[in-house]
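Open the model in your viewer and keep the selection tool at hand. The stops below say what to select next and what is there.

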Amino acid sequence: MKISGAELFVKALKAEGVKHLFGFPGGVVIPVFDTLYSEPEINVILTRHEQGAVHAADGYARSTGKTGVCLVTSGPGATNTVTGIATANFDSVPIVCFTGQVSRSMIGNDAFQEADIVGITRPITKHNYLVLDRKDLGRILKEAFTIANSGRPGPVLVDLPKDVILEKGDDEYPAKVTIRGYNPVLKGHPNQIKRAAVALKKAKRPLFYVGGGIHIAGAADIFRKAVKKTGVPVVHSLMGIGAFPGDDPLSLGMLGMHGTYVANMAVSHSDLLFGIGNRFDDRATGNLSKFAPEATIVHIDQDPVSISRNVPVEVPIVGDARLVLEQLMPLLEAPKTDQWLKQIAAWRKEHPLEVKVGQAEGTGHLRPDDVIQTICQTFPDAIIATEVGQNQMWVSQFFTFRHPRSLLTSGGLGTMGYGFPAAIGAQFANPDKRVIDIAGDGSIQMNIQELATAVQNRLPVIVAILNNGYLGMVRQWQELFFDRRYSSTCLRTGAECPPECKGPGDHCPAYHPDFVKLAEAYGAVGLRVMKHKDIEPALKEAGKIKDRPIFIDFIVEREFNVFPMVAPGAGIAEMMFSEGGQS
Amino acid sequence: MTHVLSMLVENHQGVLSRIAGLFSGRGYNLESITAGVTTDTQITRITLVCKGEDNVFDQIKKQLNKLIDIIKITDLSPLPSLHRELALIKVRAMPNLRGEVFQVADVFRARVLDVGIDSMVLEVTGSSDKIDNFIAVLQPYSIREVARSGLISMERGRKQPNTQSQQRKGASEKLNEDFKITIA
């Protein structure tokens with residue numbers, strides 16, 4: 001039977017089990033949206049900006065492991081997806097993004113709403129396609145879904161010219177495709193696995209270092225067993241949060257720039273660093289010449305590129321984290337670690353991550369650590385999304401994650417404005433779970449238009465805004481490294497401010513927008529919390545609401561910093577614990 | 001160090017752009033790149049010359065291998081192989097100097113393709129070194145234009161039963177450690 005390109009597209013979505021599609025229509029994709037209009041199996045979610053659509057698909061994918069799908073129009077619709085695609089690409093999130101394109105005969109003519117989106121997204125997708133022949137459409141759609149969610153996952157973009165969408169052709173959607181240039185290695189090399197097991201057994205100061213690959217491979221369970229069998233302690237990267245329960249005695253927390261003291265000291269003194277699904281990113285390693293100087297490094301990763309790129313690896317293993325761990329498990333033997341664990345306990349005692357409860361000294365504002373700890377106590381099993389900056393680092397420090405895929409955060413690209421739309425996507429995928437975006441007052445404004453999406457779809461997403469009136473992380477760097485010159489980071493700056501601010505205080509202009517009124521204007525619930533005693537009641541009140549998003553404006557201490565911290569260029573053992581302090 | 005990669009790639013639009021973009025985007029050093037169809041019209045052979053320390057070259061190979069349109073990469077650097085480049089060179093040559101230029105061309109086995117009233121166009125084939133030398137020798141005559149094709153390369157054929165395949169096996173094992181960069 002002959003069907004249109006749009007009909008084949010919808011057939012493909014159904015064959016792939018797509019239930020939710022995040023999109024925004026426009027001229028050239030009207031026929032696709034038209035076909036979707038009478039399709040009860042696919043819920044088309046209209047976001048208010050294409051960036052929101054991609055982040056929502058991303059949050060959907062990260063929280064489930066299923067492929068997130070979005071559909072936008074040509075030109076500006078397509079270019080608006082760029083940040084979302086780059087975010088997903090950096091963090092290995094399976095997304096298929098469909099963009100409309102002008103008709104084939106118009107391509108290259110600077111037609112209305114034309115953009116070379118395949119050219120633009122080439123370096124930020126796992127792969128991308130421009131469909132130039134209707135007869136290739138079925139195969140390309142299948143390849144796109146196959147590539148996006150296999151090997152190291154990533155975003156795939158498919159650009160659909162309007163006339164290909166309309167053209168009648170073959171109705172076949174292949175069940176399987178083979179791509180001769182694409183064969184991800186899944187099982188680890190047996191000899192290398194033996195070497196890794198021997199190295200671990202012989203080690204005196206062994207340490208696991210896990211990243212997002214554990215979530216992607218669904219390896220959290222087997223990894224937990226491996227830790228139990230060996231008694232080896234665990235540090236994790238930002239993306240590795242939740243890969244191992246944060247409240248387990250063997251969890252040392254996150255390593256790196258804002259990692260825990262015990263994690264950074266353990267890495268710096270280990271004699272065997274056993275990496276799984278991580279990529280030795282610069283925020284995790286700090287100064288490479290001072291990184292794990294005594295350690296032999298074993299590295300399991302799906303992507304050969306990640307291996308021996310930043311840090312030379314003695315035992316490289318390419319493969320899927322779960323499959324490799326399954327091969328490794330029978331060979332694992334517990335090393336003798338009594339001394340090492342004693343040393344670790346001492347480091348943990350020396351500089352624990354402590355939450356102070358109550359109002360901040362002096363100003364009486366809320367403490368962000370207190371707010372986050374209370375969120376964690378009130379909603380211990382929630383899916384948490386973050387924006388980027390101080391809010392993100394405080395979440396990594398003060399929220400105890402116990403489940404895989406429970407933190408949605410832009411780790412690699414560091415995209416402000418990611419968290420809220422990602423939380424929306426995750427709420428669609430997990431209707432029975434609490435989804436909370438912990439945001440800063442700066443980053444929440446980057447995709448705040450999605451409040452309408454959340455309200456229209458009756459999503460009870462909680463947005464906890466840690467409102468300090470600053471772009472806090474940049475302000476922190478300005479305080480520490482730029483002589484407290486708060487250039488363009490104060491969100492309360494007004495016409496009446498002097499050219500160079502002497503610091504915040506009662507003289508500061510009023511804050512805009514008023515997030516409570518803004519939430520109400522959208523039809524959401526808005527709450528403001530200024531006192532410690534009101535944190536928990538506000539969260540409980542929000543917890544009761546099931547049919548609308550809730551914005552909670554937590555007025556936090558303005559110049560509260562994220563500590564401990566490793567200064568840029570320093571080794572991760574060289575930690576600062578306060579504004580002036582070096583370890 | 002200079003490395004030569006011979007690659008079989010899908011004859012899809014944008015493949016060259018993907019490769020060139022990879023080099024520019026990641027700050028790798030691309031010396032030359034040539035492309036042409038093979039006997040299978042679906043497949044293009046690309047010969048690529050790049051410069052980099054060993055660790056950078058490892059990354060280049062791995063990154064190229066990740067491109068889905070690349071079917072196979074052969075690192076010719078460790079293999080006995082043939083490398084050729086073609087150049088067209090237009091030199092200023094007034095009638096009284098033509099004889100001299102002819103002589104130089106003869107030494108380098110270059111062909112004269114065209115003679116103008118005050119210039120000549122020469123065609124020369126060979127290793128990149130040979131072409132560099134030829135250009136250097138022609139400098140005194142004032143070179144007006146040079147067009148170089150970039151390198152094309154091919155592995156030599158077997159010289160004895162087995163020896164070649166042993167050599168290949170050795171090379172292929174070494175590279176397999178570098179994660180599945182396959183050898184033909």
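A salt bridge is a side-chain nitrogen of Lys or Arg within 4 Å of a carboxyl oxygen of Asp or Glu. This is a predicted model, in which local features need pLDDT of at least 70, side-chain atom pairs count only at pLDDT 80 or more, and totals for chains, interfaces and linings use all residues. Residues are numbered from 1 along each chain as its sequence is written, chains are lettered from A and ligands numbered from 1 in the order in which they are written, and side-chain values use heavy atoms, leaving out hydrogens and water.

**Stop 1: a salt bridge in chain A**

Select Arg528(A) and Asp553(A). Their side chains meet in a salt bridge, at 3.0 Å from N to O. Arg528(A) is in strand E19 (residues 525-529) and Asp553(A) in strand E20 (residues 550-555), so the pair ties together parts of chain A that are 25 residues apart in sequence. Helices (H or I, at least four residues) and strands (E, at least two) are DSSP runs, numbered from the N terminus. Over all chains, the whole structure has 36 salt bridges.

**Stop 2: two helices**

Next, select residues 50-64 and 82-90 of chain A, which are helices H3 and H5. Their axes (lines fitted to C-alpha atoms over the stretch in contact, with angles from 0 to 180 degrees between N-to-C directions) come within 7 Å and cross at roughly 25°. That makes H3(A) roughly parallel to H5(A), a label for angles under 35 degrees. Show the side chains in the contact (heavy atoms within 4.5 Å): H3(A) brings residues including Val54(A), His55(A) and Arg62(A), while H5(A) brings, among them, Ile85(A) and Thr87(A).

**Stop 3: where chain A touches chain B**

Now show both chains. The contact takes 20 residues from chain A and 19 residues from chain B. Buried area is the accessible area (1.4 Å probe) that two parts lose on being put together, summed over both. Between these chains it is about 1700 Å², with carbon and sulfur atoms giving 55%. Select Arg122(A), Arg180(A) and Val305(A): in chain A they lose the most area to chain B, together 36% of what that side buries.

Which residue of chain B meets the side chain of Arg180(A) in a salt bridge? Select Glu10(B), where the N to O distance is 2.6 Å. The count between chain A and chain B is two salt bridges. Finish with strands E6 (127-130) and E14 (315-318) of chain A, the elements that give two or more residues to the side touching chain B. E6(A) gives the most, with three residues.

Definitions and conventions: Parallel < 35°, antiparallel > 145°, perpendicular 65-115°, else oblique.
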